[in-house]
Amino acid sequence: MIPFVRLVLFCLLCGLGIAAGAQEGDQPWYEMDGLNEGLGAAPQRLDRSTPRAAMRSFIDLTRSERFDWAAHTLNLSNISAGQQADEGPRLAAMLASVIERRIWIDWSGLSARPDAMIESETGNNPRAGETRRNIRIEMVEVDGRAYEVRLARYKDGDEEPVWLFTPQTIDDIPGLYAEFGPRRFEQYLPDSLKSRAGPLRAWEWIALPLYLGLLGLLLWGTNRFVVMLSRKTPRASLRQAVDRAAMPLALMITAFVAQLFLNLAVSFSGPVTNVVRPALVIIMVSGLGIAALRAVDAILDRITLRVVGDIDDTRSLDKRELYTSIFALRRIIVLFMVGFAIVYVLLRLNLFESIGMTLLASAGVLTVLLGIAGQAVLGNILASLQIALAKPVRIGDSILFEGNWAYVESIYYTFIRLRTWDERRIVVPVRYFVSKPFENWSVRDARIYSTIRLVLDHSADIEELRDKFIEFAKARDGVIDHDKLCAYVSGQSSEGQEMSFYVMSPDPTAGWETEMQLREDMLAYIREHHPDWWPRERVAGEGGAARLSFDAS
């Protein structure tokens, strides 16, 4: 009995603890026992009732240099009451400098409600209707460590709840100020240049054009230097790779130097910093990616020219498969590098959280939009990868596509480029290409059987023409497999008989030339030796008694 009673008492105590914890967690504020007692009473006109009001009051007071009042928007509970009067204004001034130079406040995202309830006009936000007592303003990264600037709601006894910067934020202010605060050279600037002129300070309007101009000169000089180095490179493949990657490398180096300059020498205001820093990250990643892709392209082109050479169906099957595999490898590298660059930029700019919430909030709409807008592009890319893996056609193959005899010149992500026999270029979307039947004359080898058809009179002797055809064909260089030479009567009508002559050639180009030449030979022989073999029309007279024949030619 006693163990049972103990078990019941334990469950009751656990239930009371859970209920108390739930009740405490459901409170719309943090309870405080004495709030900033060392600062004295807060000014009556200081509005800290909502997150937006608290932030606006802090910005207005610090711009007016009323740091003693602005200190009342800080939760100084981690600082002793005796030091709060001295430390509060100093920390407020430091935080104001950090916000001005590093943080771009999203005023529309700051709630104007005391409970900071999440509102959604479209109803797509899954957190709509949720009240908050702790809000993140911004997260910044310093030396690989993340620091957050936050506002939270506090209640001191019977006083009204107020929104203040959290104690964790106050503890991080010195480190953030050292990283993003004013640089040493600003101490020597006159006060007139330190004053604000619109969204920036006066000295920034002068320094920003100089900064961009120096970056332009650095970009030009770096590009020239890389090109000069490429010309001195002894190996042709490396020289070609460096020459192609010169400008992307220059962009990457310039962006890196600009980022280093911002970290060590100059600290611009928030509007400039929040535009320039992400742009520099994107430029660095893009420059590195493009430089790597161009270098890979140059190396693969060099390997292609050395191993394969100019590609057409006269090349062996292995070489054409190698060339197609090189193009497939290039596409895989491009996909990998683009994906890596996108992920790195999102991680570097801390965009995954906001983008993830946006995607979660509007997943259905985005799915429909992507399905409609990206259907053609994604379909072509998948079809291109299908060709690269299955290889129904290879670069250099001779094909007959919709009545056009052409060579497969290139296979890209979204289209295939065909080179016709008369040097025209046909650009075909990959998805359309794989959905249509085509003849691949090089699927096993490039040999092709050509057919020459002549329509002659019924009196023409097929045996004599067969012998002459074989004689003419054996004299041509574009004919192979002489044992497969043959000629037959393949059709007959009232107008005459159709004679077909068959010849094997090593490739479609030679087959086309040989077909034309042998047709000329056969026509010339008939014209000189048997002009009566040309097709004739015969007209029967009335009653069939009289007949009139004449040369149809």
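Which residues in α4 meet which residues in α5? I began with this pair: Leu91, Met94, Leu95, Ser97, Val98, Arg101 and Arg102 in α4 meet Ile170, Ile173, Pro174, Leu176, Tyr177 and Phe180 in α5. Contact here means heavy atoms within 4.5 Å.

**Basis of the entries**

I worked on a predicted model, in which local features need pLDDT of at least 70, side-chain atom pairs count only at pLDDT 80 or more, and totals for chains, interfaces and linings use all residues. Residues are numbered from 1 along each chain as its sequence is written, and side-chain values use heavy atoms, with hydrogens and water left out.

**Entry: the chain as a whole**

I counted 17 helices and 16 strands in the protein chain. Helices (H or I, at least four residues) and strands (E, at least two) are DSSP runs, numbered from the N terminus. Of its 553 residues, 38% count as buried. I use buried for under 20% relative accessible area, exposed for over 50%, and partly exposed for what lies in between (1.4 Å probe, protein chains only). Among contacts with a separation of 6 or more, 64% join residues 24 or more positions apart.

**Entry: α4 with α5**

I then looked up the geometry of the opening pair. Helix α4 and helix α5 (residues 167–180) pack at an angle of about 50 degrees, with their axes 9 Å apart. Axes are lines fitted to C-alpha atoms, for helices over the stretch in contact, and angles run from 0 to 180 degrees between N-to-C directions. The two helices are therefore oblique to each other. Angles under 35 degrees count as roughly parallel, over 145 as roughly antiparallel, 65 to 115 as roughly perpendicular and the rest as oblique. I noted the crossing of α4 and α5 as left-handed. A crossing is left-handed if the near helix is turned anticlockwise from the far one by less than a right angle, and right-handed if clockwise. By class, the contact of α4 with α5 has ten nonpolar residues, one polar and two charged. Ala, Val, Leu, Ile, Met, Phe, Trp, Tyr, Cys and Pro count as nonpolar, Asp, Glu, Lys and Arg as charged, and the others, Gly among them, as polar.

I examined helix α7 (residues 202–231) next. Its 30 residues reach 45 Å from the first C-alpha to the last, close to the 44 Å expected at 1.5 Å a residue; the expected span is 1.5 Å times one less than the number of residues. The buried residues of α7 include Tyr211, Leu215, Thr222, Asn223, Val226 and Val227.

Helix α9 (residues 246–264) packs against α7 at an angle of about 140 degrees, with the axes 8 Å apart. The pair is therefore oblique, and the crossing is right-handed.

**Entry: α16 with α17**

How far apart are the axes of α16 and α17? I found 10 Å between the axes of helix α16 (residues 462–474) and helix α17 (residues 508–529), at an angle of about 135 degrees. Their crossing is right-handed. From α16, the contact takes Glu464, Leu465, Lys468, Phe469, Phe472 and Ala473; from α17, Leu518, Asp521, Met522, Tyr525 and Ile526. I recorded eight nonpolar, no polar and three charged residues in it.

**Entry: Met499**

Met499 lies in strand β14 (residues 496–505). It counts as buried because its relative accessibility is 0%. Met499 and Val455 are 44 residues apart along the chain, yet their C-alpha atoms are separated by 6.2 Å. Leaving out residues up to four places away in sequence, I listed Leu465, Ile452 and Tyr488 among the residues that Met499 touches. Leu465 is also one of the α16 residues in the contact with α17.

**Entry: loop residues**

Is Ser77 buried or partly exposed? At 39% relative accessibility, Ser77 counts as partly exposed. Ser77 is in the loop between α3 (67–70) and α4 (81–102). Beyond residues up to four places away in sequence, Ser77 touches Met32, Asn36 and Pro167.

I looked up Asn36 in turn. Asn36 is in the loop between β1 (30–32) and α2 (51–63) and is buried, with a relative accessible area of 6%. Its phi is near 50 degrees, a positive value in a residue other than glycine. Most residues other than glycine have a negative phi. Glu402 also has a positive phi, of about 50 degrees. Glu402 sits in the loop between β7 (398–401) and β8 (404–411) and is partly exposed, at 47%.
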